[in-house]
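Here is a briefing on one chain.

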Amino acid sequence: MHLFGESITLVSAIFLVLALLLALGFEFVNGFHDTANAVATVIYTHSLPPNIAVALSGCLNLLGVLLSSGAVAYSIVSLLPVELVLNVGSGAGFAMVFALLLAAIIWNLGTWWLGLPASSSHTLVGSIMGVGLANSLVTPGHVFGEGVNWSKASEVFQGLLISPLIGFFAAGALLLLFKLVIRIPALYQAPDPVKGPPLWIRLLLICTCSGVSFFHGSNDGQKGMGLIVLILVGIMPAAFALNPSAGPQDLSAIVEQAKTIQPFLDTKAPLMQVSGEDAIDELSNYMKPAATVPSDRLWDALAGKNKEIAGELAGKNSFHDLTPDQRRNVRRDLYLESETLGKLVKKKEITDPADLAAIKKLTTSFNAETKYIPTWVKVAVALALGLGTMIGWKRIVVTVGEKIGKEHLTYAQGASAEIVAMACIGVADNYGVPVSTTHVLSSGVAGTMAANRSGLQMGTLRNLLLAWVLTLPVCVVLGAALFSGSFYILLHVFGVK
């Protein structure tokens, strides 16, 4: 069977279809939750009819996904165990993809059915942690827990934990500022279902809803994209291991930049004896959380791999000049060297400004060829996200619009919550940090209710907090159980090693 110019077996084609359906299914269910929050305020302030609101949100999500940078996508991927990222086409790699996506979908569907706005970001991160923990148990020679990138997980957790607090307090403060500056009573009253809002208020709320939808697409929409690319790389490395649009200038830039830092690496590599599979093992081991101090063997491996990359790509006009096996190996080497150099910089093992500048330039070039997102993947994810919004919006919208505060949402409250959510998600997207639209907007609505002294429905808040607290541990257990089960089935039933 030929697909994207590459010949694959029927079994691989079946795995590809199933994995892609799961990844797009996750984004579809994501639309039930996160994007529904964006339309809650315009629907409950009667600024737009529900059908128009969800259609507008879906279109803005599509645009946000298409214009996204891909940074958030690979922030999620970097949480995965390095050996599974490098060998995603193995049985363990397939089990990883199936397990984390199934776990995320199961929890998202369950909380949606109960009308609880849960975080798809928390769900996916918890599933990834479960896979990492299970992988460290079933893989010989691993210490329990080292399959999780705890440093990166800590960064993600900070964003996921801080963003709801920002939503609550910033939205409440913005509402009080509105009351101080804009003295229009209608802005702070419950909407009139007959007349609808004044034109300028309607436009403000439509703009904020559009902004939240756009930034949701550019942030949350990326979470499935990185996983889809991993799936494609694992099953069809000849077509997707490296950026197919890279040209002669891109490859020659990598070669020249690799040569530029080679003297620095050589001075740090006294042995000059680590190469081949030993070099791969050294770099992979340093990527594990427990590895903190670089050894002489690590510097040897780094210097050797850098020289190999320059030699492999010298004189090539595109990655199509390489054989499929060479493309797979070059991707692995680019990924390992980039991640290793990044960790060394973060640990302040490299301090000279000139060396740091050269390394940043090199890793940026490496990442452009390995951490890319094909346009058709962005379109597929955007459509899945938009369709999910249009089909499953109502349960979450009712919770946000009716069940958080004791009084009806006012125009000013809706605008305050949306403006803060839009700004928070936009800033996070700029820094490549995944945040939860659900957490930011729901807490923002609660913050405006508290600031307005409208009262809070404590039963709803208790259920929301319970869902938020349970998301991580439940998804960790689900991810671990599904990974172990999938790995066993793939190994003993399908014979995929």
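Contact means heavy atoms within 4.5 Å. This is a predicted model: local features need pLDDT of at least 70, side-chain atom pairs count only at pLDDT 80 or more, and totals for chains, interfaces and linings use all residues. Residues are numbered from 1 along each chain as its sequence is written, and side-chain values use heavy atoms, with hydrogens and water left out.

**Whole chain**
- The chain holds 20 helices and two strands (DSSP runs numbered from the N terminus: H or I of at least four residues for helices, E of at least two for strands).
- Of the 497 residues, 58% are buried, meaning under 20% relative accessible area with a 1.4 Å probe, protein chains only.
- Take contacts between residues at least 6 apart in sequence: 85% of them join residues at least 24 apart.

**Loop residue Thr410**
- Thr410 sits in the loop between helix H17 (394–402) and helix H18 (411–430).
- Its relative accessible area is 6%, so Thr410 is buried.
- Beyond its neighbours within four places in sequence, Thr410 touches Thr45, Leu187, Tyr188, Gln189, Ala190 and Pro191.

**Helix pair H14 and H15**
- Helix H14 (residues 324–346) packs with helix H15 (residues 353–370) at an angle of about 145 degrees, and their axes are 9 Å apart.
- Axes are lines fitted to C-alpha atoms over the stretch in contact, and angles run from 0 to 180 degrees between N-to-C directions.

Notes. Buried means under 20% relative accessible area, exposed over 50%, partly exposed in between (1.4 Å probe, protein chains only).
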